[in-house]
Every structure is written in C-alpha cells, then in structure tokens.
Amino acid sequence: MKVLLLTDIPPCYEYTAGLVLNSLVRFLPHNQIALCAIINPHLTPKIPEDLKAIPRLLLKKPRESGFKTRLKFIGNILTFLFEYKQSLTVKYKLLPQIADFAAEQKVDILWVVLQGQTIIRLARKLSLKLNLPLYTQVWDPFEWWLRSNHIDTITKKKLLAEFDKVLLHSKSCATASWKMSENYTHHYGVKNLPLISSLSTDLARSPATTFNSENEFIIAIAGQIYATTEWDALIGTLDEINWVIQNRRIRIRVLANYFALYSQKPRNFEYLGWQSQSDTIRLLAESDLLYLPYWFSQKFYQEAENSFPSKLVSYFAAGRPVFCHAPAYASPTQYLKKYQAGYLCESLDSKHIIQILEQVISDPKQYAQIAKNGTHCFFRDFTLEKMQENFYQFLEYKYELTKEYLNKLDYYKDVHVLHENPKVSIIIPVYNGANYLKEAIDSALAQSYHNIEVLVINDGSNDNGETEKIALSYGEKIRFFNKASNDGVASALNVALREMTGDYFSWLSHDDLYTEDKISKQIDFLFKLNCANTVIYSDYSAFTTDAHNCTIMKMKNISPENFRFWITFQNALHGCTLLIPTSAFLVCGTFNEKLLTTQDYDLWFRIAEYYKFIHLPEPLVKARHHIQQGTHTMAKTALYECNKLLAHFTKNLSLHEVQQGGGCSPCLAYAQLASSMWYRGYFPAGWTAACLSIQHSVNVKFREIILSQCILMQGVFLHFIVKPIRKFLPSYIRLKLKNSLRLALKSYPSISIKERIKLFLMPPDKKSQRDSLLNLHLHEKFTQIYKNNLFEGAQSRSGEGSNLEQTAIIRKEIPGLLKQFHIKSFLDAACGDWYWMRETQLGVRSYIGLDIVQALIDINKKKYGNETTTFKCLNLVTDPLPKADLIFSRDCLVHLSFEDSINVLKNFKNSGATYLLVTTYSQRDLNSDLETRFWRPLNLQLPPFNFPPPLYLINENCSEGDGHYMDKCLGLWRLEDLTLAI
C-alpha cells in the first residue's frame, strides 16, 4: 500500500496541524507515503530532516481570503469573481500536476486533509481522476473557514455542497472530536472516528496532589488564544478581585506566540512565548491550574461543538487540573464532564469565575482527584499508541497491537477507582411527615451496611413541631437540618447535597421504607460491575397500609445506552431505589428547585448522559401509596410539568439515542414516543414527538410513513377508547386480560417495533413453529430452523446476515488477517450453509466446517468438499473439536444462552487452537441472557465473558435493523488470554 497525503500544511514543528501530521506520517514506513503540500506563501514550515526522504510535491496555495469592503455587496461580487478564477486554477493547473505526481509514485489511496477551498475543490476530483479510494481528515468545521475568509454567499453554498459530496465519496473520515464523528455519522453515513493530536507517554507527568506554592497560585495557558471574549472575562474578573483569592496572589503564565494584554495589573503576567513540547509540559506542570477558554458566542456554535483543542492533551500530560471556560455544548466541556477531569465554568459572569477559583483552592481532595482523572484520560485516549491505533483504523491499515500497549489500555480502561467500603449518605426530605417519618428513619438505621450517615431535612413543616420532635428524638444517630420555609423537595435535597459527606447518595422519601439490605446489595453489585461511573437502580414493591402485603413492581433491564430513551418512553423509575455517586452532582448539577413534581426525572435524564444506569433486579424499596402524596395533591402541576419535561427530553435526545432506543428509524421511533405519551395523557409532549416524526419522514419509504401514522393513532385509540372501556370491566376480567397479554408478550422481550410488527404479521403456522422451538434441544432446534427457514434469509438459510451484501467487508478482510497471523488451518464453527464462505479465498491449507444440523453438513460435503475443505456434524457444546490454528465463530454465540456460550468457549480452549475470531458488538454496555428469544447482540468484553481488548477488530458495517447494529464486529483473541467462568 502506498499513500498520497494531500494537505495545506506539511509535517513540521511550527504549526499545530504540522505537529499532528509529523506524528501521523511516522506511523507509516517512508516507502509507503508520498507528500503533496499546497502551502500558503506567507507560511514557512520546515519539514524535519528525517522526513525529507519522502517523495514530495510542494505547490503554492492560491489566495483563499475574500474581499472585505465598506460596501458588502461590492466585496461579495469581487470575492465571487476571484473565487471563480481560483476554481479554474485548481482545475486546470493544480489538479493535473498532482495527478501526474500521484501516478508517478504509484499510490494506492488518497489521504486528504480538508482545510480550505483549494483542498475541497481538489479532493473528490483527484479521487475520481485517479480512480483511488478517498480517506479524508477534518480539523475544523468548514463553515468556520469560509466565514473567517469572508467568502460570498453563492460561492459558500457551492463549496459547502462540494464538501458534502467529498464526505459522501469518502471511504473513511478522521474527525476532530467525538461529537464531530457522531454528527458526521448521522449526516453522511460515512465510517469515521476521532483522530486527535496526541503525545508520547514519556512526556507525561504524575498527577498533582497539591499546589506548587503556599502563597501563590499560577494559572497557565498554552497555545493560541482564540476565544478572546472568554480570556478577557477571566482577566477582568482577576482585576476585580485585585488578583488575590483566599490570600493567594494569582499569576498568569502564557505560553504562546502572541497575546493581547488588557489588564490593570500587567506585573501579574509571565509571558514565555512559544516553547518546545517538553518545555511546555514542564512549565504547565509547574503551574497550578490550566486555563482552556472556548467560545460562548452563538456565532461560533459549530466550532465549539465540533472542534477539540489540542492544548487539552498537553494539559492532561502535565498532570495539573484543567479550568474549562466554555458553554455546556462545547466538545471539551462534554469530554471533561464525562470523565470528571476538569473544573467547568459555563458562564462569563465574574461571580461564577470566582466561585470556580475558590472551589479549586478550598478543596485539595477534589483538586487531586481531578488531576488524577485527567492523567487517566491522557493514558486512555491521547497517547501516541492510541493515536496510531486510530490512524491505522482510519486508513484501514493492517496492524497488531503490542501486548504492552494492551496491558496499558486495560489498566486505564476506567477513569475512576472504587474505594473499599464507600460511605453512603441516606437523605430523607420531609414536610409535615409526623405520620410516617419514624418508620422511614428506622428502616434507614437498620441497614446491614454500616458505613452510612442519615440526613433528615425538615422542609419548613408547619405541624406545630411534630416532625422536628420525631427527628430530634434520634439524637446523634442522624444529622438533622431545619429549613425555615417550605420550598419543595428539590430545595431540601439540595441542602442535603451540600451537607452530606458520603461517596454515594441514596434518597428515601419520608413515607417509604428501605429493606434492611438495600445499601449492602447495591454496593456489592457495584463492585461486581467494577465501574464507578454507574448509577444503580432496582425494583420496588408498593403497599398502602401493611408493609408486609406488597405488590412487586419490576423494572425492565434496559441497556445504559437506551436509558434516556426509556425514561422518555416510560416513566417507571422510582427515585428512592437509586444509588448515585456524589461525583455525578458535580458533573451534572443538582435538583432544579423550580420543578415541584418532576425534579427527579429532570436530574436522572441529565446524569444518564454521562453515567451508566444499571438495573439490579431485586425489590429493595417499599413504596407507600396514600392520598396525601404530591401526585394527588398537585395533580394539575404534575401534568403541566410532565408535559414540559417530556417535550424537553424528546428534543434533547440525540438521533443516535432515538434510533438505538426505538430500534428503528427516527420517523418510527419518534412516533413510538408520541403514541406512548398520548396513551398516558401527555398530549402537548406527544405533539412535540409527533412533529419530529413528521420531520424525519422525508426521504423514507412510503410504507414507513403509513406505519408511523398507525403508531400515532394507536396512542389516541388506547387513551380515548380502550382506557374508558377498561374502567367499566370488572376487576377480575381486567386482571385476566392483563395476564393474558403479558403471557403473549413474554415470548418476545426487548425487540424493536419493526420486529414486533414482523411478528404480528407472521402467518399463524410460522408463529407456532417459532414458539414450538423454545424447549427443544440445540440439535432439534437448529434443525427445525434450517428446515423451515425460520431465519427468513432470502439468499441464505443462515439468515440475512449471511448474504453477500452483509459479508462484503469480512470477505475482503479475513484473508489478509489470516495471512498476517500466519494461519494455516481454519475451523469454522458454525459454518451454516456456506453461502458466503464459498466466495472467500481464505488461503489456508486446511478448512473444517462444523455445524449441528446433519442435513446441512451432508449438502455442504457433496457440493463443496475436497482434499482441503471438509465438513463435520458436531455439537459445539459437548463434542470434542478438531485442532486448528484459528477457530472462526460468526453469529453463533448470539443464538445461545450464557451457559451454553461459556461451555462452547471452554470447548474452543480445550481444542488446542491458538486464536479465536468471533462476533462481538463492541458498543453494547450490557449483555442479557437469551431467555425466550432467538438471538441478541453480545459484547464479549462485558460480563459474563470479560474478554480483554481484541488483538484485531473488523467492523462489518452491518446495515441490518436500520443501522441498529452498526457496532457488529469480528474480534480476534488468543484463546490462552481468555478466562471463563459461570
């Protein structure tokens, strides 16, 4: 493979883009790359000596800035004419020169950095002219470049249209941030991943544990200061407080080529200019806080949301906490929030800036933790090894990760470390609760987990001191706080958040009860998950007067990536079952005191953006139902707030969350939300979802539009017809119908609306065939599936996943992988009907196909068997397996229970094979057992499998299920590295 790099900045040491490319080109052998740089004549980049052996073509870049005049329309006309001339220069002068150079160098692929009009105009034309695949890299949103260069409206539209065509034509795209990758995936459907400037681990410093000085506090900034409004806000704030905070004198250290000084206190500045990478990190490490400003202005919304500052990588390497001065939607804010790796100031107000600085200095424990989190972020996401891995995936370059690096990834896979025996704060807000408060406190104090504190917050009760009297009777067993006024549950909970000292927050309503093992079971479950960025929620039981006579309310086992969609679709979560890390409130904020009845769901939705909500399937809370509850006394307020909140949720779900949660296209998923809301009586919120469904019905199939309308009408029908009829039916008939419906739905849990409709329309004979398979042995089950084509594959009886379209990528990639890992013998378990494998040239000496269906194996033997290709009928769970270098197991474990899957994997290990190439869904956050389903996706790096990171990963680019399974991959592991238990 030989790559042509087309860029406007060559690899060099002078500019940010040049520094990044200087690292990237070194990941390829010099004989596999050629360079074409179209350089702005005002710049003087120096190519490093060791890279001068790379063949290169250096060209002068045409002017790309427009004309800015007092009369704007005159400037637009001049710019339009000049840009038209430049487009001809590109087409008739630059394009032929570059094409000749590429042909001379015999390049195989084009790697193009999309920066500026010239490169945009060249990229697609060059790819088409040379008939070469195009791999594009984007530093910044193209709109920013056009705006800053004052390009006229007509030319801007043409260039933006060409930019879209370039992305659509690209085989792969490297983006500037995770958010940009997400946006480009939705907009262009092109494979992409973030490729961010990274540094050698040799430069990294240990995370700070304290400040550098007792009397001084140094705030440092490195690199270009582009967010000048934010910078001025910081300097103005420091001027206001006379550059002293909590008896510490503040100094600003600037490591940049240039900065403008607008301050009353210039002596507090230390301007050191541009420094080398190592000196920059040393000087940052000798500072106390590293300042990162990003644009608040809506004018720069695209840049703030999609770009990622390279200076943040240097900050993480320096081991000092980051002070991010940016809006909530900015990419660095989102990243730092997710990993709790910085102090966030989402306002230009001097009061907020002062508040953050005071927080930094007053809490050394949090300071040290944030520094540590930043260091973990560096080692997980921003090392040269990680950059190399991403770069190779971007160019689809074959590679094998070293064991040393895999161990490093494994060590840093989780930012946070669970502390042994963490402290849990149980919070009981109460208003006029003398009737039930004592029972609630007793249940909290009776916990079998002992490292707890109980806080009771009296929210301005007016019951002649009865509530206070009960609380005070417990003395020092609890911590009691008395609010002067009744401001609502959110206000009381926020008081508790300020006063609590625990590592975890657990809410208990004054009229509810905990089971005695509520906290201990949740802490145990948390340690089994081994993930501190997690909120645990559980089932609960409901009662009226007798706590021993309860009805268990079971929650659905929702995968974390679908959680926000689920609480929008179905408000079934009970807040008192939650166990929440205290850090979540620092990251996501506290309860909204303006909300009287929905303050809990509002916060859960915010927290779920950054934390995983995991279900513990046990009833650990007893919820009391009585007429004095807020849902009854404030019914109108609750209805209004729910409508407003659900509409807000619907609008703030990302398209990925909507598609993933609904299991279908946005058009149908939004219709599901609307139907659910209308059925529950939330009509304004339902209209919001319905409008979004209609907006996303453009360019979809007609039958999908009809289906979405049917779903919408279903909600109205259920609310206005089924609900009223149900009220007139006797209770025993309602219960019988309800149980019948549950039994009918039990066979098809956790499936998308598309699959449900498919099942609904399935002929009765085929439906009965599926149901009859549930209790059969594996041999009988898969024989019936094959015989009756129950996987409904049009080309292959192994299902749609085995057709030529869905296997196009793996048919191309597998032979290269086998060659790279020197595989001579190949065991295919299970081989199916060999529909797509017969089109694959494996290049091995021996192929053995295994399957449990004898009739299928007989046909394969007759059609495809020869000296090197054999087939055997074996049960992968119980039968000894032939030895081979590699076992290939695609779409097998997904059809088996956890127990059968583990037994199959143990059988693989016992066979003596070296490698396992197996299906895994890399982006799933939770595995569920098979139960009564035919299949489900599995992420083999999660329990109960717990595989280490793969040696090699092939994304199949699966388009089944409307893109719901785009994370379907083949992962390669050494069998000796797998530890299996059940």
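This presentation describes selected local features of one predicted model.

The model is predicted, and local features are reported at pLDDT of at least 70, side-chain atom pairs at pLDDT 80 or more, while totals for chains, interfaces and linings use all residues. Residues are numbered from 1 along each chain as its sequence is written, and side-chain values use heavy atoms, with hydrogens and water left out.

I begin with helix H33, which covers residues 808–820. Helices (H or I, at least four residues) and strands (E, at least two) are DSSP runs, numbered from the N terminus. Which residues of H33 are buried? They are Ile810, Glu813, Ile814, Pro815, Leu817 and Leu818. Here, buried means under 20% relative accessible area, exposed means over 50%, and partly exposed lies in between, with a 1.4 Å probe and protein chains only. The buried residues of H33 pack against strands S24 (825–829), S27 (886–889), S28 (915–921), S29 (952–955) and S30 (968–974).

Directly after this helix comes His822, with a positive phi of about 55°. His822 belongs to the loop between H33 and S24, and its relative accessible area of 61% makes it exposed. A second residue other than glycine with a positive phi is Asn464, where the value is near 60°. Asn464 sits in the loop between strand S16 (452–459) and helix H17 (466–472). Is Asn464 buried or exposed? Its relative accessibility is 78%, so it counts as exposed.

I turn now to cis peptide bonds. One runs from Ala829 to Ala830, with omega near 5°. Ala830 is part of the loop between S24 and strand S25 (846–851). Another cis bond joins Pro943 to Pro944, again with omega near 5°. Pro944 is placed in the loop between S28 and S29.

Next is Gln105, a residue of helix H2, which spans residues 72–105. Gln105 counts as buried because its relative accessibility is 15%. What does Gln105 touch, apart from its neighbours within four places in sequence? It is in contact with Lys2, Ala34 and Pro55, contact being heavy atoms within 4.5 Å.

Finally, the cysteines. A disulfide is a covalent bond between the sulfur atoms of two cysteines. In this analysis, a disulfide is taken as a pair of cysteine sulfur atoms within 2.5 Å. By that rule, the count is zero. Regarding accessibility, Cys12 is buried, at a relative accessible area of 0%. Cys892 also counts as buried, at 12% relative accessibility.
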